[in-house]
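Q: Please take me slowly through one part of this model, and then through a second part for contrast. I am new to this, so please give the cut-offs for the terms you use.

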Amino acid sequence: MSHDSLESVDDNTMMEIPGGEVELRDDRVKSKWTVQIAPFLLARYPVTAGLYGEIVGHAAAPSDGDAMKPIVNVSWLDAVKFCNLLSARDGLEACYVIRSSDDVACNWHADGYRLPSEAEWQYACKAGTTGYRYGELDQIAWYEENAGGIVHEVGGKEPNAWGLYDMLGNVWEWCWDLYDKEVYGSYRIFRGGSWAEEARGCGATCRRRSHPTFGIDDLGFRVARTVTGV
């Protein structure tokens, strides 16, 4: 993919995701549940290193040569702080009140940027499909067998039916939700697989977790917005 196919490193195009419902499952405890999804907006790409550097400060992001690659090594807490900073830049109401890594409140009615919920993420990833993936893995995702051991620029594989790129592979993506407060405390969910992940880990229903202050070299995020006035 050439850089000309993106508007700039600051391309934060938001795609309209229609309302519907999605079934989530937790294979550890063999449970399933259905979540109703209101219409929302979700970024076409994961947040790039270039956009992250522009909003947070270039010292926080990799070199310019990596500007079009997803930002990685950012914690869940880094991601929610970024959302508030991006909201401020764009004149939107911040979604998060951050008191500590274990005490973050989200105003779901605010019009600013936020992380998608786990249900929103899975629903958007599937884009109306019913299988484990929305297409042939090699065509839609960078993963262990085709990534060459590195993260790749966003948008280099085929999007899903709703125009979202890299929902599977390239980098895992932080979601808002706690994984299991009773068992794992403050650990948050991330989804989607990565350049380092085996094929089986790159699927719409695959769930992982990490501490909200940890950064990982194949874990990034993308931003969402609530559709207000609906």
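A: Four strands make up an open sheet, arranged in the order β10-β9-β8-β11, and their pairing is mixed (strands are DSSP runs of E with at least two residues, helices runs of H or I with at least four, both numbered from the N terminus; two strands pair if DSSP finds at least two bridges between them). This is a predicted model, in which local features need pLDDT of at least 70 and side-chain atom pairs count only at pLDDT 80 or more, while totals for chains, interfaces and linings use all residues. Residues are numbered from 1 along each chain as its sequence is written, and side-chain values use heavy atoms, with hydrogens and water left out.

At the edges of the sheet stand β10 (207-210) and β11 (219-220), and each has a single partner strand, so one side of each is left without a neighbour in the sheet. For β10, strand β9 (residues 188-191) runs antiparallel to it, and four bridges join the two. One of the residues involved is Arg 191, whose bridge partner in β10 is Arg 207.

The buried residues of α1 are Ala 49, Gly 50, Leu 51, Tyr 52, Gly 53 and Ile 55, and what covers them includes α2 (76-89). After α1 comes Gly 57, which has a positive phi, near 125 degrees.

Definitions and conventions. Buried means under 20% relative accessible area, exposed over 50%, partly exposed in between (1.4 Å probe, protein chains only). Contact means heavy atoms within 4.5 Å.
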